[in-house]
Amino acid sequence: MELRFEFDAVNKILLARPEGRLTDESFAEVYGAIRKYSTATDARAGIFDFSSVTEFAISAETVRRWAKQEPAMPDATARPRIIAVKAPSGFGLARMFQIVGAGTRPLLEVVHTVDEALAALGIQSPHFESLE
């Protein structure tokens with residue numbers, strides 16, 4: 001699995017884009033990297049784009065376990081985060097993550113595309129630049 005991060009410094013939005021096969025192990029890597037980059041950039045919002053994931057080889061138990069953990073991005077009651085995922089299996093897992101983690105992530109939304117995520121945040125002209 002490959003993982004890319006971009007940041008819109010104007011709107012302070014972190015964009016994470018995992019690519020390839022998502023497994024229990026790689027999900028843990030994604031979670032840790034989101035924590036690192038969201039803290040380093042002091043992002044006010046996060047979009048996690050899973051549209052380039054080719055296989056969701058992650059267990060429901062792993063999704064539930066991580067949803068119960070402290071949110072990867074700090075200040076979950078004030079900083080919206082949106083998961084964008086097209087694949088039906090990935091969308092279902094993202095919704096499970098949202099439902100199980102609702103108590104600690106009240107502003108988490110699940111949508112199908114990054115365009116929907118940007119619209120939910122009220123952003124019309126993002127300025128994303130690579131963090132790597």
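Visitor: How many aromatic pairs are there?
Guide: The count comes to five aromatic pairs. Keep in mind that this is a predicted model.

Visitor: Okay, take F27 and W66. How do their rings sit, and how far apart are the centres?
Guide: The ring centres of F27 and W66 are 6.3 Å apart and the planes stand at 65°, which is over 60, so the pair is edge-to-face.

Visitor: And which elements do F27 and W66 lie in?
Guide: F27 is in helix 1 and W66 is in helix 2, so this pair ties together parts that are 39 residues apart in sequence.

Visitor: Are those two, F27 and W66, buried or exposed?
Guide: F27 and W66 are both buried.

Visitor: What about Y31 and W66, how is that pair arranged?
Guide: Y31 and W66 make a tilted aromatic pair, with 4.6 Å from centre to centre and 45° between the planes. Y31 belongs to helix 1 and W66 to helix 2, so here the parts tied together are 35 residues apart in sequence.

Visitor: Why does Y31 count as buried?
Guide: Because its relative accessibility is 6%, and buried means under 20%.

Visitor: Which residues are in the aromatic cluster?
Guide: One cluster is formed by F27, Y31, W66 and F97.

Visitor: Switching topic: what's in the largest nonpolar core?
Guide: That core has 30 residues, and F50, F56, I83, V85 and F97 are the ones with the most contacts inside it. Elements giving two or more residues to this core include strand 1 (2-8), strand 2 (13-23), helix 1 (24-41) and helix 3 (88-100). Helix 1 gives the largest share of this core, six residues.

Visitor: What does F56 touch?
Guide: Leaving out residues up to four places away in sequence, F56 touches L22, F50, V85, A87, S89, G90 and L93.

Visitor: What about the second core, how many residues does it have?
Guide: The second core is separate and has 11 residues, L15, A45, A84 and V114 among them.

Visitor: Last topic, strands. In what sense do strand 5 and strand 6 pair?
Guide: Strand 5 (residues 81-84) pairs with strand 6 in the parallel sense, over four bridges. I83, which we met in the largest core, stands opposite V110 in strand 6.

Visitor: And how does the chain get from strand 5 to strand 6?
Guide: The chain goes through helix 3 on the way from strand 5 to strand 6, making a right-handed β-α-β crossover.

Key: Residues numbered from 1 in each chain as written. Predicted model: local features only at pLDDT ≥ 70, side-chain atom pairs only at ≥ 80, totals over all residues. Heavy atoms only, no water. Core = buried A, V, L, I, M, F, W, Y, C linked by side-chain atoms within 4.5 Å. Buried < 20%, exposed > 50% of the residue type's maximum accessible area, 1.4 Å probe, protein only. Contact = heavy atoms within 4.5 Å. Phe/Tyr/Trp six-rings, centres within 6.5 Å; stacked < 30°, edge-to-face > 60°. Pairing = 2+ DSSP bridges. Right-handed = clockwise from strand over helix to strand, strands pointing away.
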